[in-house]
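Hello,

Here is the structure for you to look at. My notes follow below it.

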Amino acid sequence: MLALFHLSPVLLVTAMLVVLRRPPVHAALAGTLLVVVLWLAGAADAWHLGSLLAAAQDTAVLFASTAFVIVPGLAFVICIERLGVNVALSQWVQSLRLRRGDQLVFIVLGLAPLLEAMTGFGVSLIATVPLLLSLFERQVALRIALAGMAIMPWGTLGLASVIGASLAHLDAPALAATSALTSAPVFLALSAMALYLAGVRELREWQVLGVFWLLFVAVLYAASRWLGPEVAGVAAGLLTASAVLAAGRWRLRRSATTRSTVQWPRQAWPYVLLIVFIVGLKTLWSITGWQDLWIVQGAQVTWKPLASPGVALVLVLIGLGFYTRNTPRQTGPDVGLLTALSARAKRPLLTIFFFLAMSQMMVKAGFLAGLMQLLAGLSPTAATSLVALLGGLSGYMTGSNVGGNAIFMPAIAMLPETSRLLLAAVQNSAAGHAALGSLSIVMLILGLAKTQASEESALVRFGFGLVCLNTALVALSAMLLVGWLG
């Protein structure tokens with residue numbers, strides 16, 4: 001009962017988002033204020049200035065590390081929209097003449113994860129929604145777009161995994177690699193759902209899906225383990241997409257009916273440049289260790305700004321600045337970059353800031369001790385199921401895997417080291433997949449497709465069903481891992 005009382009700020013946030021339908025920033029602010037009131041009223045550990053300063057210090061470090069990726073990431077998104085990059089990508093995919101099953105695998109396990117891993121913020125939908133609408137019936141296309149979107153929780157260059165690892169006091173590559181395993185059934189189920197929705201029934205197409213799913217998971221795991229979460233999603237999406245294209249090109253050559261050339265669209269050079277900078281900086285860090293020259297220390301968390309993927313984004317933005325100086329925009333309204341960036345970044349940054357502040361005060365004041373004791377007293381199977389449920393809830397209600405991790409990952413940090421990694425991966429996966437099926441993503445799809453009110457309610461229900469399915473699959477995957485490791 002005491003644990004429920006201590007979780008009342010989280011319950012308030014849930015009620016405001018789900019029942020009252022308030023914006024996430026309002027819910028985050030209300031939850032933060034409730035934590036302050038309860039702490040001052042003596043509902044948790046005794047209030048003292050040192051704990052408050054420690055919470056403020058860790059909040060500031062975590063927020064700075066988040067903002068340093070989100071702000072240049074959004075600026076990059078605005079630039080590529082104005083250059084018409086994603087429009088060119090969707091037109092290119094249409095020209096590839098792949099079979100229907102190959103097209104879907106290319107989109108949901110290749111192109112969409114690649115774009116989302118590089119940028120986040122639902123950017124992949126800008127390319128995939130118009131493309132899917134041109135390939136399939138409208139209702140089918142919208143559902144495939146949402147299912148494909150929910151596949152990749154490694155958005156914004158693995159930011160949620162990096163922040164989650166910091167909050168749980170874990171190694172980021174280890175957390176990302178374990179998350180690849182807990183998410184593996186989701187990748188297969190959502191890809192299979194896309195094929196089924198599109199009417200693909202040939203056994204060979206389903207066998208091909210299984211092969212590319214194994215490739216996707218293997219690359220995601222290996223890249224997470226040995227290269228880090230920043231490049232894992234990019235590598236998995238890129239290699240899977242390349243493999244699908246190679247297989248399709250080989251099939252066309254065998255048919256001898258036509259010759260086909262597969263050439264990356266020139267307009268998509270900003271994505272290529274971003275990959276080059278990410279890989280180049282990773283290589284430089286491993287050789288020189290220069291990222292350790294600047295370390296920002298909080299009370300319990302640390303941040304290495306020079307190791308942040310924000311550095312790669314800033315370098316690409318500098319290149320885009322030189323390129324666009326004498327190049328007219330192809331798309332987008334006549335609005336200055338800083339104005340457009342402020343309009344897009346304000347709400348997500350404020351929301352994440354208040355969720356981080358709420359979680360850090362809950363940690364420093366002992367609010368999460370009851371939840372930690374509850375988790376520690378459960379069997380491994382029950383603990384993974386509960387964490388999957390909490391992760392799915394936090395991701396869906398915040399619309400952000402970073403925000404979801406901010407709420408519950410600090411409680412996982414208090415658990416014994418033997419169980420912490422797997423439970424943190426369950427939280428990371430469940431929150432990530434739920435966030436990508438949340439109302440904010442559904443609204444983005446509806447806006448891109450210019451839908452009617454009747455379509456809105458149907459897609460919201462479909463998205464919620466995906467979140468429930470994904471959460472159950474993450475819990476099942478974790479149970480299997482517990483049995484395998486135990």
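Arg99, Asp102 and Glu205 are linked in a network of salt bridges (a salt bridge is a side-chain nitrogen of Lys or Arg within 4 Å of a carboxyl oxygen of Asp or Glu). This is a predicted model: local features need pLDDT of at least 70, side-chain atom pairs count only at pLDDT 80 or more, and totals for chains, interfaces and linings use all residues. Residues are numbered from 1 along each chain as its sequence is written, and side-chain values use heavy atoms, with hydrogens and water left out.

The structure holds four salt bridges. Arg99 pairs with Asp102, with the closest N and O atoms 3.7 Å apart. Arg99 also pairs with Glu205, at 3.8 Å.

Asp102 is buried, at 1%. Glu205 is buried too, at 6%. Buried means under 20%, exposed over 50%, partly exposed in between (1.4 Å probe, protein chains only).

Asp292 forms a salt bridge with Lys304, the closest N and O atoms being 2.6 Å apart. Asp292 is partly exposed, at 38%. Lys304 is partly exposed, at 33%.

Best wishes
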